[in-house]
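Hi,

Here is the structure I said I would pass on. Have a look at it first, and then read my notes below.

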Amino acid sequence: MTATLTPRKPKAAKRLRAFWRRWWHQLTAMRTALILLLALALAAIPGSTFPQRSISTVDVAGYFDEHPDLAPWLDRLWAFDVYTSPWFSAIYLLLMVSLAGCIVPRLAVHWRALRAPVPDAPKRMSILPHHRVLDGGANQGRARAVLKQRRWRTAVREHEDGTVVIAAEKGYLRETGNLLFHTSVIFILVGVAVGSLMSWYGNRILSEGKSYCNNLQQYDEYGLGAWVDETALPRFCVDLHAFDAEFTDGGPTAYDADVTYEAEGETGEYDLQVNHPLNIDGTNVFLIGHGYTAVVTYTDRYGQTQTLHQEFLSMDAALNSEGAFKFPDANVDPATGTVDQDAEVGFDAILVPTFDDSTPMLLGTEPELNNPVLALTAYTGDLGLGDGKPESVYAVNEEQIASGALQQVNDEVEVIGVGDSMTLPDGTSLSFDGVEQYAVLQVRHDPGGPVVLAGAVLLLLGLLPGLAVRRRRYWIRWNPDGTVETAGLNRNDFDGLDEECDELTAAIAPDSPPPGTHTDKSGSDQ
Amino acid sequence: MTGAEAANALFVATILVYAAAMFSYAVEYAFDKRAPKRAKALVTAGRDAGHDSEAGADLGADAPTEAPISPAAARGAGRLGLILTYLGTAALGASIVTRVIYTGRWPWGNMFEYTVGVALAGMATWLFLVSRGSVPRRLGLFATFAVTMVLGTSVRVYTEAGPLVPALDSYWIIIHVTAAIAASGILMIGCVFAILHLLKRGHDRRVSDDRPVRFPLSIAERLPDANVLERLTFKIHVFAFPLLTFGIIAGSVWAHLAWGRYWNWDPKEVWAFIAWVVYAAYLHARVSGRSAKANAPWIAILGYAVMLFNLTAVNLVFPGLHSYAGV
Ligand code: HEM
């Protein structure tokens, strides 16, 4: 048994090796790169047609609400995480393997070509596409000087029969650029990978006059790469003094956030604007949005007042915004400490920056604060804040309303302007004191960013010579019989080779009459 | 007349002048019977020095007698077409400059302005090619056709010239959008050549198979040699590709500053990525063997289809960070 198996084993191994070699060959072929590129283009499309979790989890949730049957299936196909999906990754990883398999051998070939002398002319130069026989002689020293001056790489060969050949080549930079270009594609991908593992970000809504410090509890939303240690985030605090939005013809034209920051005992001031992030030791603070904060005061049954600065979420470009005011510890008798029945009070509200009372429309059409109003619906009862469930600060809990734990007070929304107040049947009131602004800050640290940028710059630097430079060869040969021949060879598409060779020949042998005499067969009819 | 009205008047004038140029070129293209012969002569041998003289009595002789317009008159129409093309392009440039003066800002703030910029870049490329002698004048028929279509479409997304929203108020708009516009304009001309090449190739194939040549292949009869068109297609793409690459890189630098992240997979970015990858595929297809090379022009056209889709549908249909640019 064993005797029959042993001779087959190397065969199988060989076949396996041949199999792999064939596949490797296939994978690194240009045509495969072509197909993978087109596949990558195709695979990127769903990322623009379906909402992506990496961009907006809210939109993805919205899609689930709208298509409750379809969405879970799409989710199983990673339609909401296209760019991290196994199938998208498979395509680009295959492309990268193919790319590496393509670059490495080419690097070796190019390295050798750069160091090897330019090859000799073929025996029969007349088979080359560009061939001339000079009528007069040509000086070798001059030929070398001319070629050197035009930065051709040359090799001089003297054969035993007396033949002298100067071989020249130019345009190596094309392959150098090409290899640099392809290598930087991999470089960029490494940068992206570093970024996804080591970057973190946090979003924070900050009203005028408020400050916050960089730790995850203080962010409204955040994301961490797999290798980020959340306890090791840099320490700094940011204080928003004032926020200023400028408007022209009803549209915003400039936002200015006047901030001070403190990091590692150092303090600084910065005028934070869109397109002008604040850099604190490699972590950037961006101004990515803004909105309005309503200031209201609630006066309860015992005359106690509470003032709230509540951020509102904008619903449209005109900054019509929604929000809620919640007073869970109102209506406590200060003398006895007992809590009234139906004591908790909440208001759902819409803030309209420019209310136009000449139309029946509540929502305004301009984002500027020209006539701000609040449209209020009041509720009393149990706000449901103590149950530990996370809930929106921008709306009164709908479940509490549905279950009857909260009672709606007014049937019709009450619209009040700044300085006015809304009085509830129990005699308590909410007054609208004013509007402040808030800024939405994004703090982001991405160590992969500089790598990607460097890769992109290298890519461009490689692309230019990789496309523009043309590689070509030129030979000039002194034959023992006294004739002088020249020839050129294109190694890439290059229209101007004939002109260039003629011009070279003319510079090398200025005494020869201008060439133009083809010595190949077709020229014999002249 | 306000600045905006002047800009609009110049814009309308541009479309009319280009349309007139297109008509002039069409006359030359149809009735200058010298054209195909001359193109063939250039390819087969380089020894026809005398043919370049405009007189060419021997050539006029083979014009069919029933032609309502003589070849000389047709060439006159072609010259007029070229002059009109220069005039139209100047008017388009003036319209943009007027808008700049009126708004006091860089002129790429919304989709309309972007499209107009693409048209200008495309025609500048075209005139450059003609003035260098790289393309015959009469092919201006196709370039003016393409640009008139683009300008005609842009009217549908016309936006009143106004100030910029803060995110667009950055010098990166100059760098990023100018690169993107220039690349789109040049690629438009590249796409025209890819189409002309395919027409000519199809035409030649039918002729050599002795099959009847029907529209649209019949218009290819007077086009230059298919290989010449293919090389031109390639050269234009080679010129535009680094520009497109640079535009995308500049865009991501800007995205970093304005949105805090250099790449968001925003729909605009997704489609720019797709276009870039498709053009990279085109450049590969040309050097990946005969059958891939034969398909390369289709890939180039696909690339431009993606560019157009990105410019139109993505702005109008997909919500994204880029959509505030105003339709
Ligand atoms: C992410 C993947 C790739 C991209 C974006 C890409 C892009 C490009 C571009 C734009 C060019 C033309 C510019 C130049 O000549 O430098 C090019 C040329 C070239 N690519 Fe790629 N490529 C990729 C993958 C590959 C792979 C996997 C191979 C090997 C199979 C390959 C082989 C080549 C070769 C040989 C050329 C030279 C063509 C010539 O000199 O005319 N590329 N590539």
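Keep in mind that this is a predicted model. I started with helix α12 of chain A, which covers residues 497-508, 12 residues in total. From its first C-alpha to its last, α12(A) reaches 16 Å, close to the 16 Å expected at 1.5 Å a residue.

Next I checked which residues of α12(A) are buried. They are A:L497, A:E500, A:C501, A:L504, A:T505, A:A507 and A:I508. If you look down the axis of α12(A), these buried residues fall within an arc of 160°, so they line one face of the helix.

Now for the ligand, which lies between chains A and B. It is surrounded by 24 residues, and the closest are A:T28, A:C102, A:N178, A:H182 and B:H284. That shell divides into 16 nonpolar, 6 polar and 2 charged residues.

- A:H182 has a polar side-chain atom 2.8 Å from a nitrogen atom of the ligand.
- A:G466 places a backbone N or O atom 3.3 Å from an oxygen atom of the ligand.
- A:R174 has a side-chain N or O atom 3.4 Å from an oxygen atom of the ligand.

The elements giving two or more residues to the shell are α3 (30-44), α7 (86-115), α9 (172-198) and α11 (448-468) of chain A, together with α9 (267-285) of chain B.

Cheers

How values were computed. Residues are numbered from 1 along each chain as its sequence is written. Chains are lettered from A and ligands numbered from 1 in the order in which they are written. This is a predicted model: local features need pLDDT of at least 70, side-chain atom pairs count only at pLDDT 80 or more; totals for chains, interfaces and linings use all residues. Side-chain values use heavy atoms; hydrogens and water are left out. Helices (H or I, at least four residues) and strands (E, at least two) are DSSP runs, numbered from the N terminus. The expected span of a helix is 1.5 Å times one less than its number of residues. Buried means under 20% relative accessible area, exposed over 50%, partly exposed in between (1.4 Å probe, protein chains only). The arc is that of the directions from the helix axis to the C-beta atoms. A residue is near a molecule or strand if one of its heavy atoms lies within 4 Å of it. A polar contact is a pair of N or O atoms within 3.5 Å; within protein, one must be able to donate a hydrogen and the other to accept it, and residues adjacent in sequence count only if both atoms are side-chain atoms. Ala, Val, Leu, Ile, Met, Phe, Trp, Tyr, Cys and Pro count as nonpolar, Asp, Glu, Lys and Arg as charged, and the others, Gly among them, as polar.
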